[in-house]
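Here's a quick tour to read with the structure open beside you. Take it topic by topic, and look up each spot as you go.

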Amino acid sequence: MKRAAVFVLIVAPVVAQVGFDRIRNAEREPGSWLTYSGDYNGRRHSSLAQINRGNVSRLKVAWIYQIPAMHKVETTPLVADGVMYLSEPPSNVTALDVRTGRKLWSYIRRFPEDLRVCCGQVNRGVAILDDLVFVGTVDAYLVALDAKTGIKRWETKVIDYATGHAITVAPLALKDKVVVGVAGGEYGIRGFLDAYEAKTGKLAWRFWTIPGPGEKGNETWAGESWKTGGAPTWVTGAYDPEMNLVYWGTGNPGPDWNGDVRKGDNLYSDSVVALDADTGKLKWYFQFTPHDVHDWDANQVPVLMDGEIRGQKRKLLVTANRNAFYYAIDRASGQFLLGKPYVKQTWASGLDDRGRPIRLPNTSPTIEGTHVWPSVGGGTNWYSPSYSPKTDLFYVAIREASDLYYIGEAEYRPGVTFFGGTHRMVESDENYGAIRALKPTTGDKMWDYRLHSATGAGVLSTAGDLVFAAAEGTFFALDASTGKLLWRFQTGGMIGSNPMSYLSDGKQHVAIAAGNDIITFALD
Amino acid sequence: MLARVAIFLFPIRLILAQDTNPHTSPVDIEHGRRLFDARCAGCHGKDGSGGRGTNLAQPDLPRSSNDASLYRVIRRGIPGTEMPSQNLATDREIWQMAAYVRSLGQRPAEAVAGDAMHGALIFKGKGGCRQCHTAGLEGGRMGPVLNGVGARRGAAYLRQTLLDPESRVPLAFGFYDVVTRKGQRVRGIRVNEDTQSIQLRDLSDQVHSFWKDELSEIKRLAGKTPMPSYKSVLSEAEVSDVIAYLVSLKEVR
């Protein structure tokens, strides 16, 4: 046993090839973290169990790497063959020796000064495939780097940044392609999802999240509003290799709070789309919030799992949407199976049989302000949920809060923000945050770990029956079955990222970006 | 749109289109009024006479001597205060609000009766205010520091606070009663709090730190404050003098 481990250690860095089969079978090598969510299912679950309920109280810092960055750090590091790959805001990439935290190489990108990024020049991570590392940039390029040296192999201009496009999403590498989306829902862009040939950077396909004239769905946009309708794709999706379908969430229609200038359902904003991975052709879609006027992007990581609903075992896509409803959808057909509020909401009396919300009157933004739950931030947001096959629970960082929604003028000018209103959070004793565990096949709440302030960080579940999460600068571990607090560490920095786990020297580590630091923990 | 926290990091347009307000027609002012009533009046009052926010119904606004600076204050808010930014509004909407705010200053200003000099003496002496509040360089730390309170709050709001403090307790003000597992009881003002810990300053100015799992009881005295009502302590004239003194505290240190 021991000899085999040493052998792997010596040989692995020389191999350094993360082929599609390795990512596809990520559960076979839990010591690596090969894609944004840990696997194609979007589960953010580690099957490592060295760190568990019994010993997590002994978790200590292994090393800290400080990122020389001015912007928020949202990255999820990847780990493969002894190397940690991470993006650094705005769009740089660094490779670290995973044993020591010492740098192997960095790719530093120069930027124009007039960037347009609505909410911080951030980046959520890189993708890896074969011997290449991929990063999307805030000036809307996709860049491929040599995984061993960081030397740029190719770069492709995805779109012009001057019209408000940017790339902040971690790309998803699959088969021989790299799938990447765009941000810009606050700039009146026309959203899309792209796939590029991994070897060359050539565009393989583009799926417009807003159909053009003559295409089905274009009639859901009044007049010319489809041209500036938003529906960005700024959070990484999931992939089912058996069905060869890519699942991706789309963002808010633009302008955010003034729906008068874009009457109709506004397809495919606030939706999840299922696309053929080879061609980008739409297999099905499900729209969570038709004609959204509250900025409730469906930019959450879709989670793929199997479970029994309505007396039948099914392949599911589950998601806690920003609009306050939890959904289970048949991921083969797109059929709506279940929808239920998981946080307080006051905008819909419920969902109909097909999952369409039954909207309550007087919930649209007004000049005077309309009070609606949930807030603009939503029941949850971009930060990742997690599904543990061991506990069969879905974990999500939630926010109970409301906003006053104001309508404002909506005049489109290229490269200028296009909000059509504003909002203000309503201070209330009822506001709080929590790490919430839901039963995925019913949406029932199983437990809450209540937070003093709602968090902007995601969760990781592990086979050690733990859920890792963060709030108020504290990184902590909960009992995955009960939500009881088992360990905590105050990092001293704001945490707006997602945890991940890997093996180094045969020991399980858990890492998270906090403040400007990547901090990794192991048992002493 | 990203998470709420991200909205505050939204890069603000730094270059102004112009230095003078291009949207000052009666129609603009009327639309500015509607926007003001919805977004600003909650703190500044329907007529801009102040409250939780400063009195805007005056010809000279200390932070906004010209149109460009008024635009900036509305657009960016005032960092370090409760004045939020309007960074999602369009340029025209900001100018319309600015035009309405300027129109408020054309009305006769609310006179603050009272003798500020005498109010300062009451503040230090009979009122005992310095036991808890710092004004200038001296005073206690239990209550909010009052330097600059005259620029933040309106006179009517201050009067109400003085006479009936519990009618005006801000949601963020945490007055707590906690009991440790060993049976020690501490009552104090929250200095900081997160999910797992809380730090309190007790009435004798001592700071206590607790992990919440060390406490058997955490009670928030919601809507309560250690500040007494001055209704029966000071005469009506003395209350006016103290208000005049507080309104004169414009400078933040």
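Let's start inside chain B: the centres of domain 1 and domain 2 of chain B, taken over C-alpha atoms, are 28 Å apart. Where those two domains touch, domain 1 of chain B puts in nine residues and domain 2 of chain B puts in seven residues. Keep in mind that this is a predicted model. For the complex, the predictor gives an ipTM of 0.80 and a pTM of 0.90.

**Chain B and its domains**

- Chain B is split into domain 1 (4-104), domain 2 (116-169 + 227-248) and domain 3 (175-220).
- Sort the residues on the side of domain 1 of chain B that touches domain 2 of chain B, and you get one nonpolar, seven polar and one charged.
- Chain B contains nine helices and seven strands.
- Its C-alpha trace spans about 65 × 50 × 30 Å along the principal axes of chain B.
- Chain B has 253 residues, and 32% of them count as buried.
- Take the contacts in chain B between residues at least 6 apart in sequence: 64% of these join residues at least 24 apart.

**How confident is the predictor about chain B?**

- The mean pLDDT of chain B is 87, with 91% of its residues at 70 or more.
- Over residues 1-16 of chain B, though, pLDDT stays under 50.
- The model still has 35 contacts beyond four places in sequence for that stretch of chain B.

**Chain A as a whole**

- Chain A has two helices and 38 strands.
- Its C-alpha trace covers about 70 × 50 × 45 Å along the principal axes of chain A.
- For 524 residues, a compact globule would have a radius of gyration near 24 Å, so the 22 Å of chain A agrees with that.
- Of the 524 residues in chain A, 58% are buried.
- Among contacts in chain A that link residues at least 6 apart in sequence, 60% join residues at least 24 apart.

**Where the chains meet**

**Nonpolar cores**

- The largest nonpolar core has 179 residues.
- Those with the most contacts inside this core are A:Ile128, A:Phe134, A:Val178 and A:Ala469.
- Helix H5 (residues 91-104) of chain B provides the largest share of this core, eight residues.
- Apart from this core lies another one, with 19 residues, including B:Tyr245, B:Leu246, B:Val247 and B:Leu249.
- Now zoom in on A:Phe134: leaving aside its neighbours within four places in sequence, A:Phe134 is in contact with A:Val126, A:Ala127, A:Leu142, A:Val143, A:Ala144, A:Pro171, A:Ala173 and A:Val178.

**A closer look at A:Ser333**

- You'll find A:Ser333 in the loop between strand S21 (325-330) and strand S22 (336-341) of chain A.
- Why does A:Ser333 count as partly exposed? There are 13 other C-beta atoms within 10 Å of A:Ser333, while the cut-offs are 12 or fewer for exposed and 20 or more for buried.
- A:Ser333 and A:Trp284 are 49 residues apart along the chain, yet their C-alpha atoms are separated by 6.8 Å.

How values were computed:
Residues numbered from 1 in each chain as written. Chains lettered and ligands numbered in written order. Predicted model: local features only at pLDDT ≥ 70, side-chain atom pairs only at ≥ 80, totals over all residues. Core = buried A, V, L, I, M, F, W, Y, C linked by C-beta atoms within 7 Å. Helix = DSSP H or I, 4+ residues; strand = E, 2+ residues; numbered from the N terminus. pLDDT = per-residue confidence, 0-100. Domains from an automatic or database assignment. Nonpolar A, V, L, I, M, F, W, Y, C, P; charged D, E, K, R; others polar. Rg over C-alpha atoms; globule rule 2.2 N^0.38 Å.
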